[in-house]
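My notes follow the model below.

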Amino acid sequence: MSISTTIVIRMEIQKSVATFGEVAAAIGAAGGDIVAIDVIRSAKEATTRDVTVNLHESANEQIVKVLKSMPGIRVVNVSDRTFLVHLGGKIEISPKLPIKNREDLSQVYTPGVARVSMAIHNDPGKAYSLTMKRNTVAVVTDGTAVLGLGDIGPEAAMPVMEGKAMLFKQLAGIDAFPICLNTKDPDAIVQIVKAISPGFGGINLEDIASPRCFEIERRLIDELDIPVFHDDQHGTAVVALAGLLNALRVVGKQLETVRIVVVGIGAAGVSICNMLLAAGARHVYAVDREGIIGRGAAYRNPEWERLAAVTNPEGIEGSLADAMRGADVFIGVSGPGVLQVEHLESMAQDSIVFAMANPNPEIEPDVAERYVRVLATGRSDYPNQINNVLCFPGIFRGALDCRAATITPAMKVAAAKAIAAVVQPDELNEQYIIPSIFNDKVVEFVRKAVIETAIESGEARRIPPDFMDRPEPETR
Ligand SMILES: NC(=O)C1=CN([C@@H]2O[C@H](COP(=O)(O)OP(=O)(O)OC[C@H]3O[C@@H](n4cnc5c(N)ncnc54)[C@H](O)[C@@H]3O)[C@@H](O)[C@H]2O)C=CC1
Ligand SMILES: CC(=O)C(=O)O
Ligand SMILES: [Mg+2]
């Protein structure tokens, strides 16, 4: 599947040779959809126009080629809006107050700042009140599993990490730094993250390939006293569970009895399986390239060894096709083209399919939709976007505000239920099982659920002002 994009083509049209109607027809025939036309210059012989065209990425070159071949047309420039918004990067640091005079200077910088530094030296906890630590998260990657693009390296990971930082800020007011490491060595990653941790209130690990990501996260959780959260594992699992709880309500099935196939048992897949089991699912089938994971086989990956013991209760052997026969739910966090129409046809009635690989899902939504009752993808250009962006801003907002040292499984389940609860029962339908990221209730609900759970379990090291004087939470 190709990705929709928007290009702006600046062209000069010789009026005596070509008309704009011919240009528009040629663009349409080559697969483009004209959404805006701006006249830049109009002279007697020629006009220069900027033509904004929506198109599938694969049609990009074809459209430009067709225009260049037309008599009377000169293509002056082609700009891709997606690239334009990336020019110079997408984020910056800006100070909270201006330095207008010497007095300001002597407060924010030397000599005044020295007293503040010494106050923190005498009581390191003061870093939370006197620095940006309490509101700051490091988004750390080694660039080895960037979206579904694989090991594309730390520089190429930057745009994705900057995007995560934008979302942290816009959705939850959190200052997030993209930190792309030029090492794949787990020991080095652990050491570097520990070394930079004093300036941060939390660590969001991102797009680190499995199975290394499990060890790196576990060691950092053990060794740091700020929350460490591998977004691709837990953010994804939280949102998948949220979507599934609502999808099951739509089709009238129970989590405890449905057969759920999870494909791609990497970072996201392992955590999704664990989350489903923790939430009460009993028939989970984990499938990777070698087929269905099950007892009896030996796996080098300890996470697979563990999953083999707690999934696939009947010990089914075979491929994805074998797992899919009679399945109620498919959750894909693998790669494009993994799922075929025949797989969908073999599923149970009222099937639910979450094809979550990014940027290209396991099956084209346009192909899948007529075979399934509820369809979701990780993308923003189709209904039901199941993407970890629904989780990480709110879960960190909650964890930072109550200064939790860890994000516990109970906090994650609470976050999943909170996301699901944003969709009201009377709104729920096949096309709307999961709220939009632009629904401002998402962060609010997740934050609240996380803080309440942290207070109940004793994880909260601070009670946020809006949680003071609340009645004791009921024991559940
Ligand atoms: N929608 C969302 O919020 C999220 C989506 N994802 C997507 O999920 C995918 C996996 O991400 P990670 O777990 O971080 O990567 P990962 O590299 O840790 O794991 C991918 C797993 O999929 C397996 N796999 C790949 N092709 C397969 C195939 N044809 N059949 C069976 N298994 C196959 C690999 O062997 C590996 O175990 C990516 O496309 C990523 O973009 C990941 C996180 C969040
Ligand atoms: C959404 C996300 O984090 C991923 O695809 O890796
Ligand atoms: Mg990711």
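I note at the start that this is a predicted model.

**Cavity lining and domains.** I began with the largest cavity, whose lining takes at least three residues from each of domain 2 (119-226) and domain 3 (231-476).

**Largest cavity.** I asked how much space lies in the largest cavity. The figure is about 40 Å³. I listed the lining as Tyr 128, Arg 134, Gly 201, Pro 227, Ala 399, Leu 400, Arg 403, Ala 404 and Arg 461. By class I have five nonpolar, one polar and three charged residues in that lining.

**Second largest cavity.** I found two cavities of 30 Å³ or more in the structure. The second largest cavity holds about 30 Å³ of space. I wrote down Leu 171, Val 389, Leu 390, Ile 437, Val 442 and Val 443 as its lining. That lining counts six nonpolar residues, with no polar and no charged ones.

**Magnesium site.** Which residues coordinate the magnesium ion (ligand 3)? I found Glu 206 through OE, and Asp 207 and Asp 232 through OD, at 2.0 to 2.1 Å. Along the chain, I read the spacing of these donors as E-D-x24-D.

**Ligand 2.** I looked up the residues around ligand 2 and found Leu 147, Lys 164, Glu 206, Asp 207, Asp 232, Asn 358, Asn 387 and Asn 388. Glu 206, Asp 207 and Asp 232 are in this list, and they also coordinate the magnesium ion (ligand 3). I then looked up their polar contacts. The side chain of Glu 206 has an N or O atom 3.0 Å from an oxygen atom of ligand 2. For the side chain of Asp 207, I have 3.0 Å from an N or O atom to an oxygen atom of ligand 2. Asp 232 places a polar side-chain atom 2.9 Å from an oxygen atom of ligand 2.

**Ligand 1.** How many residues are around ligand 1? I have 23, of which Ser 210, Ala 267, Ala 268, Asp 288 and Asn 388 come nearest. Asn 388 is also among the residues that surround ligand 2. For Ser 210, I noted a polar side-chain atom 2.9 Å from an oxygen atom of ligand 1. Arg 289 has a polar side-chain atom 3.3 Å from an oxygen atom of ligand 1. Met 356 uses its backbone: an N or O atom there lies 3.2 Å from a nitrogen atom of ligand 1.

Definitions and conventions: Residues are numbered from 1 along each chain as its sequence is written. Chains are lettered from A and ligands numbered from 1 in the order in which they are written. This is a predicted model: local features need pLDDT of at least 70, side-chain atom pairs count only at pLDDT 80 or more; totals for chains, interfaces and linings use all residues. Side-chain values use heavy atoms; hydrogens and water are left out. On a 1 Å grid over the protein atoms alone, a cavity is a set of points where a 1.4 Å probe fits but cannot get out, and a pocket is an open set with protein on both sides within 12 Å along at least five of seven lines; lining residues have an atom within 4 Å of a point. Grid points are joined across faces, edges and corners, and a volume is the space filled by probe spheres set on the points. Ala, Val, Leu, Ile, Met, Phe, Trp, Tyr, Cys and Pro count as nonpolar, Asp, Glu, Lys and Arg as charged, and the others, Gly among them, as polar. Domain bounds come from an automatic or database domain assignment. Donors are N, O and S atoms within 2.8 Å of the metal (3.2 Å for Na, K and Ca); water is not among the atoms, so sites may look incomplete. A residue is near a molecule or strand if one of its heavy atoms lies within 4 Å of it. A polar contact is a pair of N or O atoms within 3.5 Å; within protein, one must be able to donate a hydrogen and the other to accept it, and residues adjacent in sequence count only if both atoms are side-chain atoms.
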